[in-house]
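Dear colleague,

Please find the structure below, handed over for your records.

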Amino acid sequence: MTTVDQTPQTSTPGTAGAFVGRVVRHPSFPAFIGMIAAWLAIVALSSGRGWWDTFSAAAIVGTILLIAGLGQMFVITGGNGGIDLSVSYVMTLSAFFACDVMGGQDANLVPGILAGIAAGVAAGLVNALLIELVGMPPLVGTLAVGFTLQTITLIYSGSVVGVSSPALRAFTTAYWGPIPVIGIFGVVVAVLAYVVLKRTSYGRRIEAVGQNAIAAGLAGTRPSLIRASTFVLSGGLAGLAGVLAAAYAGGAARNLGDNYQLASIAVVVIGGTLIAGGRGLVSGVWAGAVLLTLLSTLGNVTRLAAGWQFVIQGILIVLVLALARTPGSRR
Amino acid sequence: MTSLATNAELIDGSGGRSRLSALIGPWFLPVVAAIAIFAVMVALRPTVGTPLGVSLVLGPLIPLVFAALAQMFIIAGGDIDLGIGSYIGLVNVVIAVVLPSDFALGLLFLVALLIAYAAMGVLIAVRRLPSIVVTLGMSFVWLGLALVILPTPGGAVPPEIAAFTRFSTPLIPGVLIILVVVTLVVALFVNRTRYGAVLRGMGSNAEGMRRAGWSVIGAKVTLYTLAGFFGILAGLFLSGQTGGGDARIGVSYVLLSIAAVIIGGGTFRGGEISVVGAVAGALVVGMLGALLQFLGVSSDFQVGVQGLLLVLVLVLRSVAGWIRAARRAR
C-alpha cells in the first residue's frame, strides 16, 4: 500500500502560477468547487435568497455535520478498514442524555454538554475495545454497538422530556453581525483538528499508522493503541455533534442522527481524505460538510422529492470515489 | 482467523480429532444452535412442532435466509454489502407498485436492478473501491428510488406472487422444501463445482486466482450478480408475505444478514464462507427474534439482542483463537 502525498511539498515561492497549481491540485479542491457550484445554483434558482444568507444558513447546519465528520476522518485515517458506523446512533443517544441532564435549564448547561460528550466517549471506548482487543472488523463492531445503542435509546428516550437549554439553543442560532456564531465555532474546531492531525506527534502517528502500521510500529508507536484512540475521539465528537443538533432543533428526537451515518462518511470521502487511511484532510471535511448541507438546501429550493435527494447524495459519493485520482485499496 | 485456526488444528491435533473437526466444519455450531432454539420454542408452545407451526415460525425467516445468501456471496469476495436492506426494500416496492400496473415494466425494472448489482461489482473490482462506502452510497440510491415510487407505505402485491411464496404441501411445509432445495443447490454449486471454488478463492487470494488464469473482475461480477439475484428473491418472498409495499421494510436486513453469515462461520478477512452455516445463521438470528416475542420481550429489544449476539459470537471466537494460540505456544 503505497500512499503518496498528493500535495506538492515544494513550490517556488512568489510565482502566482505555482500557487494556483498547488491550489488546483490539492485533493480537497473538488469539494470546494462543488460547494461553490451548489451555492451559485441555489442563488440562481431561488429568487430573493441572498448570497450570504444561503451560505451562513448552510454553515450553521454544516457545523454539526463537520464535527461528526471530523471524528469519522480520524477513524478512517487510522487505516486498517477503520470506519465508524455508530456515529448516528451515538448522536441520538448523546442528544437525549444531554437534554435529560439539562432539563431545559441553563444552570445545567455545562453538565449537560459534558454528559453528552461522555456518553459518546463511552460508546467510542466500547468500539475501541471490540475492534482492537477482540479483533472485530471496525464495520461490524461499530454497527453492532450502534444497534445496541439504538435499542438503549429506544427504551431510555421513552422517559425523557428532551428539551435543550435555552442558552445553548440561542448559541446555535446566534449571529455576530452577519456571521453565525456556530459557524465560527465550526472553523475553530476544524483548525483544532488540523493542528492535532498535522502538527502534533499524536496526529502524525495516526497518519503514519494509517499508511503503514508495521513501519509505524517499528518506529515506536503502538498502532492498535493509536487506532483505538481514534474511535474514542470519534465517539466524543459524535456526542458533541448530537448535543449541538439537539440544541439547534430545540430538543432531542429519535430520528435525530439518522442522516448522519452516511453523511459523516460522505463528507470525508468528498473532502479528499484517503478512504484506505494514511491521509486526513480537515479542509476537505469542512468543504464537504457545507457542500452536503447546500445540496439539501438546493433540494428544498427546487422542491425535489426527498427520494431524489437521497439518490443524488448516493450517486455523488460513488462518483467522487470512482473519479478520485488515487484509488484506495480494497475495503 | 478461522483459516489460521483450522491449519493449527491440522498441525497439532492428532489424527482422529483433526479429521473429525474437518468433517464437522464451521457450519456445525450454528446448525446445532438453530435446532436448539427451535426445540426451546416447541417446548414453550408445542403447536410449533406441527406442520402449520413450522410454516408460521420459519416462513417469515425465508427472506432473511435469501438476504444472508446474498450477503454471503459479497463476503466471499472479501467485500461487504451495506445496501442489501434498501435493495430488498426497492424490490418490494417494485413488486407492490410497478408490477401490478405494468407487468412488463416491473419485470424490466427487476432485471435492471440485477444488472445494477453486476455493474456495482465491476466498479468495485475495476477501480478497487472500498465496498463499504460504495454499497452504503448505493443504499441511498435504492432507498431514494423506492421513496420516489412509493413515498408512504402502500400498494398491493399481485395475488399470484403472494400465492407462489406461500405454496405448501399437505404433508411437508413448503417452507421446509424451499429451505432444503435452496441450501442444497447453493451448497453444491459453491462447494462442489470448479467455479464455486474459484469464487470462494477470490476473497482469500485474488492474486493467486488471477495467476491461475481466472478473471478477478469476472468473479467479482458473478458474486455481485448472485447477490443481486438472492436480494431480489428476498424481496419477492418478503412482498408475498406482507402483501404491500414499504420502502424502508428491508433496513434491518443489513445487520441481520451480516450477523447470519458471521454466526454461520463466515469470516471477513479471508472471505471464508459456509452455505449451510449462513442459512443456519439466518435461522438462528431470525428465530431468536421470534423466541423473544414468545417470551413476551418488547420488540424494541430485538435489534439490540441480535446485535449483542453477533458481538458475543465474535468475542467467543477470538477467545477460542487466543486459547488455541496459547496452547500452540506451550
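The radius of gyration used here is taken over C-alpha atoms, and the globule rule is 2.2 Å times the number of residues to the power 0.38. For the 330 residues of chain B, a compact globule would therefore have a value near 20 Å, and chain B agrees, with 20 Å. The C-alpha trace of chain B spans about 65 × 55 × 35 Å along its principal axes.

This is a predicted model, in which local features need pLDDT of at least 70 and side-chain atom pairs count only at pLDDT 80 or more, while totals for chains, interfaces and linings use all residues. Residues are numbered from 1 along each chain as its sequence is written, and chains are lettered from A and ligands numbered from 1 in the order in which they are written.

Chain B contains 16 helices and 0 strands (DSSP runs numbered from the N terminus: H or I of at least four residues for helices, E of at least two for strands). In chain B, 48% of the 330 residues count as buried (20 or more other C-beta atoms within 10 Å of the residue's own, C-beta atoms being placed from the backbone).

One helix pair may be of interest. The axes of helix 14 (residues 253–263) and helix 15 (residues 275–294) of chain B come within 7 Å and cross at roughly 125° (lines fitted to C-alpha atoms over the stretch in contact, with angles from 0 to 180 degrees between N-to-C directions).

Methods
Buried ≥ 20, exposed ≤ 12 C-beta atoms within 10 Å, placed from the backbone.
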